[in-house]
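Me: I am new to this structure. Please show me how to read its features, one at a time.

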Amino acid sequence: LMADRFKQARRSRLAFWIAPITTFGLGTWQVYRLQWKNKLNQDRLTASSLPPVDVAEVQLESLTGLDSKLNNRRINLKGEFEHDKEMHVGPRARSGKAGYLIVTPFITENHKVLVNRGWVPLQMKERETRPESIIKGSYLLTGIVEPERKPPLWVPKNEPARNQWYRIDPKEMADADTLPVVLADCSDGPDGVPMAENLQVPLRNNHLSYIVTWYGLAAILTAMMLSI
């Protein structure tokens, strides 16, 4: 009977060690995530700080793909907006206010791409409410090549039939005659509508706080186990 109790206590003790081992592993994983995010932000800042590339120097097809060498680079491109086919991505908050990103097809001499024109408040989501944002005729665009990113698991699926987009997905948003390329306009629209996104701002990086949290829990749990 005593032997059975001893075995049961030993198994329980080993089971309790799962918690500190797991939290330590999560902390170590966040160390790698921190290094990855720091490099991503540095690459992003370096690329967007380089001089713009004229579209004549690069084929637009080369901008597609996750590993495009021109990701986060600024390019100059001349064309016209196809405003009647604009898409609304969101909701997105800015300065505590709800709103949407406006993504509009942009027709060049030989191609069509997508342009993230920027953010508008909720009451200006529909283009009829912001006639000042409509740019007619030829427009010289300086835009940053937005790299494709895998969406977080909690972001809902897009609903193209309702023109409801929760995330920017170049392949899903591009129609048959549009390249799956998204350029973020570097300039605000007329009268500041839409407001251009500042893609030179570093991506949110909370991994250091996660490291402290997980390693702190691992230390506490380990101390508790050693005191038993």
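Me: How many aromatic pairs does the count come to?

Reply: Rings of Phe, Tyr and Trp (its six-membered ring) pair if their centres lie within 6.5 Å; planes under 30 degrees apart are stacked, over 60 edge-to-face, the rest tilted. Here the count comes to 4 aromatic pairs. One is edge-to-face: Phe 106 and Tyr 139, 6.5 Å centre to centre, with 85° between the planes. This pair links distant parts of the chain, 33 residues apart: Phe 106 is in strand S4 (residues 97-107), Tyr 139 in strand S6 (residues 139-145). Strands (E, at least two residues) and helices (H or I, at least four) are DSSP runs, numbered from the N terminus. Phe 81, Phe 106 and Tyr 139 form one aromatic cluster.

Me: What should I know about the model and the numbering?

Reply: The model is predicted: local features need pLDDT of at least 70, side-chain atom pairs count only at pLDDT 80 or more, and totals for chains, interfaces and linings use all residues. Residues are numbered from 1 along each chain as its sequence is written, and side-chain values use heavy atoms, leaving out hydrogens and water.

Me: Is Phe 106 buried or exposed?

Reply: Buried means under 20% relative accessible area, exposed over 50%, partly exposed in between (1.4 Å probe, protein chains only). Phe 106 is buried, at 0%. Tyr 139 is buried too, at 17%.

Me: Which charged end sits over the ring of Phe 81?

Reply: A charge sits over a ring if NZ of Lys or CZ of Arg is within 6 Å of the ring centre and within 35 degrees of the ring normal. That of Arg 117 sits over Phe 81, 4.8 Å from the ring centre. Lys 125 lies over the face of Tyr 100, at 4.4 Å.

Me: How many salt bridges does the structure hold?

Reply: A salt bridge is a side-chain nitrogen of Lys or Arg within 4 Å of a carboxyl oxygen of Asp or Glu. The structure holds 7. In one of them, Asp 43 meets Lys 39 at 2.8 Å, N to O. These two are 4 residues apart in helix H2 (residues 18-49), so about one helical turn separates them. Asp 43 is partly exposed, at 38%. Lys 39 is exposed, at 54%.

Me: Where in the chain are Glu 86 and Arg 130?

Reply: Their side chains meet in a salt bridge (2.4 Å, N to O). Glu 86 is in the loop between strand S2 (74-81) and strand S3 (87-94), and Arg 130 in the loop between strand S5 (112-121) and S6, 44 residues apart. Both Glu 86 and Arg 130 are buried.
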